Amino acid sequence: MKKSAFSLLTVLALGSVFLPGAAWAAESIPDKLAGEASDAVDSISRGVSGGLDKAVDFLDDSAVTTKVKSALLAQGKIKSTNISVTTKNGVVTLSGEARSMSERGLIIDTAAHVDGVRSVRTQDLRIAPSTSQSADEYVSDAAITAAVKGRLGMASPGYLTDIKVETHDGIVSLYGAVENSQEYIEAQRAAGEADGVRGVQNYLVVRKK
């Protein structure tokens with residue numbers, strides 16, 4: 001009888017030792033799983049949010065492109081139909097051929113005033129050769145371009161040879177990048193002094209330091 005009572009007391013004592021541990025384990029496992037699940041949900045949420053942000057940026061750029069194209073079509077004075085428009089982060093790039101210098105300026109101005117446009121890149125927006133130009137006029141423009149390039153090559157400080165030069169009806173357009181405002185001014189001056197130049201359109205940009 002005493003042995004049975006001792007055994008019973010031992011079982012009860014052991015139960016009092018191990019049962020709290022078991023209860024803690026039973027409680028801690030669900031808590032741990034819940035925490036991991038919460039972390040997983042947060043990670044997925046961040047991924048979805050980032051993806052949505054990128055999608056919104058893409059849709060915004062697409063919307064800007066559409067609005068620019070619509071604005072160009074609505075501008076009755078723009079006759080060119082081969083103008084390409086792309087947008088990235090609000091920066092619109094125009095490419096193709098305008099029929100004249102004045103139309104090119106109108107295309108740029110129209111795009112720049114569209115809502116959502118941060119800036120306009122126009123380096124690839126050219127002026128189409130005039131079909132009404134005679135052979136003498138074409139040769140004259142070619143000669144002016146050569147003369148301007150020669151002037152740029154001789155100009156101080158002598159770093160202007162990489163500038164792209166185009167001439168249409170005696171109007172010279174300068175494209176490219178220069179190191180500072182001095183080179184910008186010097187390029188304009190040198191181009192304007194070449195024989196046959198009726199005007200200079202300076203589209204040069206100064207490199208950011």
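Mentor: Buried means under 20% relative accessible area, exposed means over 50%, and partly exposed is anything in between (1.4 Å probe, protein chains only). What you have here is a predicted model, where local features need pLDDT of at least 70, side-chain atom pairs count only at pLDDT 80 or more, and totals for chains, interfaces and linings use all residues. Residues are numbered from 1 along each chain as its sequence is written, and side-chain values use heavy atoms, with hydrogens and water left out.

Trainee: Fine, so why does Asn89 count as partly exposed?

Mentor: Its relative accessibility is 46%. That falls in the in-between range, so Asn89 counts as partly exposed. Asn89 sits in the loop between E1 and E2, where strands (E, at least two residues) and helices (H or I, at least four) are DSSP runs numbered from the N terminus.

Trainee: What makes E4 and E7 edge strands in their sheet?

Mentor: The open sheet runs E4-E5-E7 with mixed pairing. E4 (164-168) and E7 each have a single partner strand, so one side of each is left without a neighbour in the sheet. E5 and E7 are parallel over 4 bridges, with Ile171 opposite Gly199.

Trainee: Why is the Tyr175 and Tyr203 pair called stacked?

Mentor: Rings of Phe, Tyr and Trp (its six-membered ring) pair if their centres lie within 6.5 Å; planes under 30 degrees apart are stacked, over 60 edge-to-face, and the rest tilted. These centres are 5.4 Å apart and the planes are at 15°, so the pair is stacked. The two tyrosines are 28 residues apart, Tyr175 in E5 and Tyr203 in the loop between E7 (199-202) and E8 (205-206).

Trainee: Buried or exposed: how do you class Tyr175?

Mentor: Tyr175 is buried, at 2%. Tyr203, at 23%, is partly exposed.

Trainee: What sits over the ring of Tyr203?

Mentor: The charged end of Arg104, 4.1 Å from the ring centre. The test is NZ of Lys or CZ of Arg within 6 Å of the centre and within 35 degrees of the ring normal. Arg126 lies over the face of Tyr175, at 5.0 Å from the ring centre.

Trainee: And which residues touch the most other members of the largest nonpolar core?

Mentor: Val148, Leu152, Ile163 and Leu174, out of 16 residues. Such a core is a set of buried Ala, Val, Leu, Ile, Met, Phe, Trp, Tyr and Cys residues joined through side-chain atoms within 4.5 Å. H3 (135-154), E5 (171-175) and H4 (181-192) each give two or more residues to this core. Apart from it lies another core, of 15 residues, including Ile78 and Val92.

Definitions and conventions:
Two strands pair if DSSP finds at least two bridges between them.
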